[in-house]
Amino acid sequence: MAFVSRSDDGAVDSVFEQLQEGRAEEFLSDDDPAVVGFRNAPPKVSSVSARQFRLQLRRAKLIDQVKAWVAQQDGETQDAFEYSGTFVKDSPMMIAGFAAMGFTPQQIEGFFAAAAKL
């Protein structure tokens, strides 16, 4: 049996063996579809290597568009794009870049998930 907490959209976002007062008070069986789905969900990707990021840009045919955007940014952003060993999804540069490309949150998740597999 599991005590669960839920995100704002109603999805299970944590599972506990014991009651967590004020956080996880809903009790579900271990075979409840929401519990099974949470436990079997792939991990969320929060960062990828520079190699993975750039290969995914190429596969998505975005490399030239992103390089053009980076060239118009300040020196720190240009250096970060050129020399970072890791690209962190929630960093200010990533947030600004994905917004400039018109990506939705779901598309960003998909981009990082695909990059993590490379």
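Val35 lies in helix 1, where helices (H or I, at least four residues) and strands (E, at least two) are DSSP runs numbered from the N terminus. The model is predicted: local features need pLDDT of at least 70, side-chain atom pairs count only at pLDDT 80 or more, and totals for chains, interfaces and linings use all residues. Residues are numbered from 1 along each chain as its sequence is written, and side-chain values use heavy atoms, with hydrogens and water left out.

Val35 is buried, at a relative accessible area of 0%. Buried means under 20% relative accessible area, exposed means over 50%, and partly exposed is in between, with a 1.4 Å probe and protein chains only. Setting aside residues up to four places away in sequence, Val35 touches Ala2, Val4, Leu28, Ser29 and Asp30; contact means heavy atoms within 4.5 Å. Tyr83 is 48 residues from Val35 in sequence, and their C-alpha atoms are 41 Å apart in space. Helix 1 (residues 33-40) lies across strand 1, strand 2 and strand 3, and runs at about 95 degrees to strand 2. Axes here are lines fitted to C-alpha atoms, for helices over the stretch in contact, and angles run from 0 to 180 degrees between N-to-C directions.

Three strands form an open sheet in the order 2-1-3, with antiparallel pairing. Strand 2 (12-16) and strand 3 (26-28) are at the edges with a single partner strand each, so one side of each has no neighbour in the sheet. From one strand to the next, the twist averages 40 degrees. Two strands pair if DSSP finds at least two bridges between them. Strand 1 (residues 2-6) pairs with strand 3 in the antiparallel sense over three bridges, and with strand 2, also in the antiparallel sense, over four bridges. Some of the bridge partners are listed below.

| Residue | Bridge partner | Strand of the partner |
|---|---|---|
| Val4 | Glu26 | strand 3 |
| Arg6 | Val12 | strand 2 |
| Phe3 | Phe16 | strand 2 |

Strand 1 is largely enclosed by the rest of the structure, because four of its five residues are buried. The hairpin of strand 1 and strand 2 has five residues between the strands, and Gly10 takes a positive phi near 90 degrees there.

**Helix 3, helix 4 and Phe81**

Two packed helices are described by the angle between their axes and the distance between the axes. Helix 3 (residues 63-71) packs with helix 4 (residues 75-83) at an angle of about 145 degrees, and their axes are 8 Å apart. On the helix 3 side, Val66, Lys67, Trp69, Val70 and Ala71 meet Thr77, Gln78 and Phe81 of helix 4. By class, this contact has five nonpolar, two polar and one charged residues. Ala, Val, Leu, Ile, Met, Phe, Trp, Tyr, Cys and Pro count as nonpolar, Asp, Glu, Lys and Arg as charged, and the others, Gly among them, as polar.

Phe81 is found in helix 4 and is buried, with a relative accessible area of 5%. Leaving aside neighbours within four places in sequence, Phe81 is in contact with Phe53, Arg54, Leu57, Val66, Lys67, Val70, Phe87 and Met93. Phe81 and Val70 are 11 residues apart in sequence, with a C-alpha to C-alpha distance of 7.4 Å.

The 12 residues of helix 6 (residues 105-116) should span 16 Å at 1.5 Å a residue, and the end C-alpha atoms are 17 Å apart, which agrees. The expected span is 1.5 Å times one less than the number of residues in the helix. Ile108, Phe111, Phe112 and Ala115 of helix 6 are buried. Seen down the helix axis, the buried residues of helix 6 fall within an arc of 90 degrees, so they line one face of the helix; the arc is that of the directions from the helix axis to the C-beta atoms. Their cover includes strand 4 (47-49), helix 2 (50-59), strand 5 (86-88) and helix 5 (92-101).

Gln56 is placed in helix 2. Gln56 is buried, with a relative accessible area of 11%. Not counting residues up to four places away in sequence, Gln56 touches Phe111, Ala114, Ala115 and Leu118.
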